[in-house]
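Have a look at the model first, then read the points in order.

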Amino acid sequence: MKNKWLVTALLAGNAWAWLWAADVDPVIMRVNNKDIHKSEFEYIYNKNSQQQIDQKSLDEYVTLFKNYKLKVAEAEALGIDTTEAFKKELAGYREELAKPYLIDASVDDRLAREAYDRMKEDVEVSHILIGLHARTPQERAVAKQKADSILNCIKAGEDFGTLAEKYSEDGSRQNKGYLGFIKGGRTVYPFEKAAFALQPGQVSDVVESQFGYHIIKVHSRRPDPGEFLFAHIMILVPRDASAEVKAQKEAEARAIYEELKAGADFATLAKERSDDKGTAVRGGELPWVSCGQFVKEFEDAAFALKNKGDITEPVLSPYGWHIIKLLDKRDIKPFEQMRSDIVRMMARDERGGMARAAMVTKLKGEYGFSLDEAQQDKLVKLAQTMGKVDSAYIAAIQTDQSPLFSFQNHSYTVADFAGFLPKGRTVSVNAPDYVTSMVGVMADKEILDYEKSRLEEKYPDFRNLMNEYRDGMLLFEVSNREVWEKASQDTQGLQKYFKKNRKKYKWDKPHYKGFVLQCDDDTTATAVKKRMKKLDADSVIVVLKREFNTDSLTRVKIERGLFVEGENPWVDQLVFKGAPAKVDEKLPVVFVSGKLLKKYPESYTDVRGQVTADYQTYLEKVWVENLNKKYPVEINEDVLKTVNKQ
């Protein structure tokens, strides 16, 4: 490459050199009069270089990239990018690729690390729950007042457990509110956040979650012991069992324990005697677990085991008797290995929207968001007056062009808000709150939609990623049309290519091409040979099976193939003069029908896969040559010299 501009086809001129001086992202190549910028080339070049074992020089890669863009140009000329199917698929990819750009990644990372840190510590808690069955603000206030009253009693010195047993609306009230040890990710986020902020002996303020109002007490904290692999043998004790049955079950569990102490195999006894049939088939083995996943009685005994192979004495839980064996244990995995699981966990609770909300707040500041609170107050008062938000409410505001909120020279009116409200829905409970909420939802959606529309302009890496997906889709479709599908369906072209290049497919060993037939007697064999003379090779198997076999009787068995010595015992015996094959007593008469090909295949179908691949390579080469003649290409060598090689 000696010239500043390398013109590879139909040079259209280089009157665009001014772009090099003026543009911070200069044009590195022009294909079919379409500019390709340095950032895109650099992005793909470095990405491919990192993924390839056989590293290409820059000049070699320029040729590959140019041909890649020529194929994309051909796809565009064929209108592939204008089809509804293509646009829909690309839009789907864009929707997924945009998601990381519409959240505050720093918030996500902070929350993920916070969750991980909380997984390294266990907190022993009790709670009192006043459930949120309320629908109106007044009913919610009553529930909150009840929770506040209970908290005041605790502060006055009344016993937490007694109050939990008396007032809590959670199943734990039977245990005086005791929940046991929890770790990060095992409870709803508001509960977790409050519990991990407390020290042993402390009680929280009233904490609101989706389930209601909680008052939380922390009993103790400890480092998380890690993950454990247990096996157990369980003797089930029915809840309504009599004292006699309970005693019988305990005796059974203790008898098994004595057998284990005497040297019996744990897994064998679990398979034979455990009432937990789901684990019995695996020798009693449970999945890997950590604290908070078992009832307290089981967990206390299991986690007290110190060494692999240790077993507990029989332990009684609400379900029955357990004998537990420690199989293995491990520390919590490193953060990077757990990050994806933590992010999925966060997406299921309040944390899932926090990074998005943080991004909205940031964008509102960046784009100068302004809410007309007077207009919002009018909408709220109208909802109060009408008592509900329904079709009549929407009709009352749908022509109002008063500005409601604006950002970045975009203004949204009350009428726009009317259009945003769901049609055919009536909200009569908390209607004013609903209006305020929906104004916020609409504002957040519009500002995120605006940001989404600007991603290519705002983030070069997103633009390059979208170009990569778009061009990759076009490349696949046009290559399928011009090379892959064409090669597989062009039987005449394949046969012609094979004949021209037959010597290329020379074999190291002779091949026998034909049929191996096993018949029930000589009469059948004679009839089969006679019938085969009138059949073409492709119909032999279907016709012979139809004419000689029935659902209940097999008189002939047929195998077709291209065999080398060692692949079929009958071909080895009858063609390659090898050792005698084992005779099937039901089909003792065997013969072969075909031909021995000593050096070369007879047809491209004998080596279809290899010929098809070679024919595709040939078609690709011819296609690329034609594309280089068809479309103009210009390459700026000066810009190439500035490519950052990572």
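What follows is a set of numbered points on helix packing, nonpolar cores and a few loop residues.

1. Before anything else, keep in mind that this is a predicted model.

2. Start with helix α5 (residues 105-119) and helix α13 (residues 335-347), whose axes are 9 Å apart and which pack at an angle of about 105 degrees. Anything from 65 to 115 degrees counts as roughly perpendicular, so that is the label for α5 and α13. On the α5 side, the contact is made by Asp-108, Asp-109, Leu-111, Ala-112, Arg-113, Ala-115, Tyr-116 and Met-119. The α13 side brings Phe-335, Glu-336, Met-338, Arg-339, Ile-342, Met-345 and Met-346. Sorted by class, the residues of this contact are ten nonpolar and five charged, with no polar ones.

3. Now look at Arg-351, in the loop between α13 and α14 (354-366). Is Arg-351 buried or exposed? Its relative accessibility is 1%, and buried means under 20%, so Arg-351 counts as buried. Its side chain makes a polar contact with the side chain of Asp-349, at 2.6 Å. Setting aside neighbours within four places in sequence, Arg-351 is in contact with Leu-111, Ala-115, Gly-185, Tyr-189, Glu-192, Met-345 and Met-346.

4. You'll find Gly-184 in the loop between β5 (178-182) and α8 (189-195), and at 5% relative accessibility it counts as buried. Leaving out neighbours within four places in sequence, Gly-184 is in contact with Ala-115, Arg-118, Met-119, Glu-192 and Phe-196. Gly-184 and Asp-341 are 157 residues apart along the chain, and their C-alpha atoms are separated by 13 Å.

5. From α3, Tyr-68, Lys-69, Lys-71, Val-72, Glu-74, Ala-75 and Glu-76 take part. They meet Glu-468, Arg-470, Asp-471, Gly-472, Leu-474, Leu-475, Val-478 and Ser-479 in α20. The class count for this contact is six nonpolar, two polar and seven charged residues.

6. In soluble globular proteins, nonpolar side chains tend to be buried together. Here, the largest nonpolar core has 81 residues, and the members that touch the most others are Met-29, Phe-41, Leu-379, Val-389, Phe-417, Leu-421 and Val-435. Which helix gives the most to this core? That is helix α18 (residues 431-453), with ten residues. Apart from this core lies another, of 15 residues, including Leu-517, Cys-519, Ala-525 and Val-543.

7. Phe-41 is worth a click. Not counting residues up to four places away in sequence, Phe-41 touches Ile-28, Leu-58, Tyr-61, Val-62, Phe-65, Leu-640 and Val-643.

8. Last, two asparagines with positive phi. Asn-33, in the loop between β2 (27-31) and β3 (34-37), has phi near 65 degrees. For Asn-430, phi is near 55 degrees; this residue sits in the loop between α17 (414-420) and α18. With a relative accessible area of 23%, Asn-430 is partly exposed.

Technical notes
Residues numbered from 1 in each chain as written. Predicted model: local features only at pLDDT ≥ 70, side-chain atom pairs only at ≥ 80, totals over all residues. Heavy atoms only, no water. Axes fitted to C-alpha atoms, helices over the stretch in contact; angles between N-to-C directions. Helix = DSSP H or I, 4+ residues; strand = E, 2+ residues; numbered from the N terminus. Parallel < 35°, antiparallel > 145°, perpendicular 65-115°, else oblique. Contact = heavy atoms within 4.5 Å. Nonpolar A, V, L, I, M, F, W, Y, C, P; charged D, E, K, R; others polar. Core = buried A, V, L, I, M, F, W, Y, C linked by side-chain atoms within 4.5 Å. Buried < 20%, exposed > 50% of the residue type's maximum accessible area, 1.4 Å probe, protein only. Polar contact = N/O pair within 3.5 Å; in protein donor to acceptor, adjacent residues only side chain to side chain.
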